[in-house]
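Please consult the sequence and the structure below while reading.

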Amino acid sequence: MASGAHVIVELLEAEGVEVCFGLPGVHNLALWEALRESSIRLVGVRHEQAAAYAADGYARASGRLGVALTTTGPGAANTLAAVGEAWASRSPVLVIATDIPSTLRRPGAYRGVLHETADQAAMFAPVVKSTHLAHCADAVGPAAALAIDQAVAAPTRPVYLEVATDLLAAEAPPGIAAPPADPAGSPAGDHAAELLERAERPLLWVGSGARDAAPAVRTLAERLAAPVLTSYGGAGVLPPGHPCLVGLPPHVPEAGRLWDEADVVVAIGSDLDGVQTQNFAQPQPPALIAINLDAAGAATNYRVDALLQGDAAVCAAALAESLPSRGGLDELHRRLNGVRADACQGLDGAALRFLDAISFAVPDEGVLVADMCIPGYWLAGFHTPHAPRRLQVPLGWGTLGYAFPAGLGAALAGAGPAVAIAGDGGFLFACGELATLAQEEIPLTVVVVDDGGYGMLRYDQERAGGSRFGVDLHTPDFVGLAGAFGVRAEAVDGLEDEFGDALARQVADPAPSLLLVRTPEALMPPPNTSPNWYRRAGAPSP
Ligand SMILES: Cc1ncc(C[n+]2csc(CCOP(=O)(O)OP(=O)(O)O)c2C)c(N)n1
Ligand SMILES: [Mg+2]
């Protein structure tokens, strides 16, 4: 019989896992031993939060399972913010943590064993889809198999697997990999088709659940000649220049008007959350069709008039098939060009030049990972990647500090060159990961936009009529800091042409690099950040 650690690693291999992100402790070293002999690459990070962020970044860029390995107690707890982000963003992330030895645990008693936590799994309950515990040898294989199965089964969310440390080294019966889940689809949809046949101004709202359904969504949009708004997670489902793409966030009045005017909205793979709908001030549309695997999620925030429950690609294709082509694509293209031109007049010119520089420097196959920083909010709202999974935003849960560690994972997903964009505040959450970047030679370019403070909070304070307090930051010599870790770095001033040139050069070179951007004049936060939302009142009742 193999050890518990080998059983787990074999199950990960059977799932096709290629990389695990982790930080060792005396409790989980048996997993390191099993990985030593495995085809799976082990990337050692410098903080457990980075392991979970990197697993999430990998999962979002690749669509595959991201795996984070931690030790007992504080190691497990250190992942929580990142697991919460993965939960809110529905990422298939598996956290494998240890527990104290099963022989030392006594129910109901806290005995002060190293790293002991009264109920470690309970810490994870609000931020995972399921928890799986192996506190006896026979449970290791079945718990691990079920955890992996749950983590990759749609609708995805993170999953927590806990194994008592002594069981990793002890012999365990083999786990049996669960059979793949049914690619279910229930394209009922007569009512939906009727609503759309009668619709005069249909509109598509595309969320992260549609990321792997791009061709079907495109076909449906073209048949209907409908404008398409994408949430942050749905960015790229239509490529730039597509005649149906609005290419603006709904927080811009010119784009929001399209929603207000629509008589039938089709929401695909989205729960129409507060961040996207200005806390539900976007009105209930006259008719709402939802395509979603998660029936409850689809109807949480808005009343759904017709639900197609199932895989987005299957349901959107079936719906498109049942509809005649309406024509009018050229006219829609012209109209949306006009909408964008009108909207541009109200946008910060410096931000538009930043977005241009990004489009110039990052190739079509590149993956951008944005942090909770002002340039990141601009990318979230206004950058259209050439395909889904090429723009990551931690909203989600709004976790500052996401971009750099998640970028480590995104860069290893094999999708294309990766660029993480963080502010001077968010980058310092995980700057120790410069060591990981250098040691593992991860092909990531990290952009640090240094405005000497928490720019977003400065803006909030000033907007509220106050002066700055507690929001200016002492920042280090970032170029020197990167250099100390052996990471190539350079600095530019401002987010425009010089930035675009330097970024293009760094992205073309797969060696790890850091680009410091000095911006004493911060960009204005865009209309999609909450203090700038234009809608205020009225929530729909679902
Ligand atoms: C974990 C976490 N802590 C705090 C915040 C609140 N927050 C949002 S943006 C921000 C400022 C970030 O500063 P920086 O990274 O320098 O970006 P900038 O706003 O200057 O562009 C803060 C503190 C958050 N979203 N997440
Ligand atoms: Mg800043």
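G396 is found in the loop between strand 15 (391–392) and helix 18 (403–411), where helices (H or I, at least four residues) and strands (E, at least two) are DSSP runs numbered from the N terminus. The peptide bond that joins L395 to G396 is cis, with omega near 0°. The model is predicted: local features need pLDDT of at least 70, side-chain atom pairs count only at pLDDT 80 or more, and totals for chains, interfaces and linings use all residues. Residues are numbered from 1 along each chain as its sequence is written, chains are lettered from A and ligands numbered from 1 in the order in which they are written, and side-chain values use heavy atoms, with hydrogens and water left out.

**Other backbone sites**

- A cis peptide bond also runs from A154 to P155, with omega near -5°; P155 lies in the loop between helix 7 (137–152) and strand 7 (159–164).
- N279 is not a glycine, yet its phi is positive, at about 50°; its place is in the loop between helix 12 (274–277) and strand 12 (288–292).
- E441, another residue other than glycine, has a positive phi near 50° and is found in the loop between helix 20 (434–439) and strand 17 (444–450).

**Ligand 1**

- Ligand 1 is surrounded by 17 residues, the closest being G398, D424, G425, G426 and G455; a residue is near a molecule if one of its heavy atoms lies within 4 Å of it.
- A backbone N or O atom of G398 lies 2.8 Å from a nitrogen atom of ligand 1, and a backbone N or O atom of G425 lies 2.8 Å from an oxygen atom of ligand 1.
- A polar backbone atom of G455 is 2.7 Å from an oxygen atom of ligand 1.
- Of the 590 Å² of accessible area that ligand 1 has on its own, the protein covers 77% (Shrake-Rupley method with a 1.4 Å probe).
- Helix 17, helix 19 (424–427) and helix 21 (455–463) are the elements that give two or more residues to the shell around ligand 1.
- The shell divides into nine nonpolar, six polar and two charged residues; Ala, Val, Leu, Ile, Met, Phe, Trp, Tyr, Cys and Pro count as nonpolar, Asp, Glu, Lys and Arg as charged, and the others, Gly among them, as polar.

**The largest cavity**

- One cavity of 30 Å³ or more is found in a search of the whole structure; on a 1 Å grid over the protein atoms alone, a cavity is a set of points where a 1.4 Å probe fits but cannot get out, and lining residues have an atom within 4 Å of a point.
- The largest cavity has a volume of about 140 Å³, a volume being the space filled by probe spheres set on grid points joined across faces, edges and corners.
- Its lining comprises 18 residues, of which T230, A235, A380, G381 and H383 lie nearest its centre.
- Helix 17 (residues 374–382) gives the most to this lining, with three residues.
- Because domain 2 (190–342) and domain 3 (347–533) both give residues to the lining, the largest cavity lies between them; domain bounds come from an automatic or database domain assignment.

**The second largest pocket**

- The second largest pocket holds about 510 Å³ of space; a pocket is an open set with protein on both sides within 12 Å along at least five of seven lines.
- Of its 25 lining residues, P240, S359, F382, H383 and T384 are the closest to its centre.
- Helix 16 supplies the largest share of this lining, five residues.

Technical notes. A polar contact is a pair of N or O atoms within 3.5 Å; within protein, one must be able to donate a hydrogen and the other to accept it, and residues adjacent in sequence count only if both atoms are side-chain atoms.
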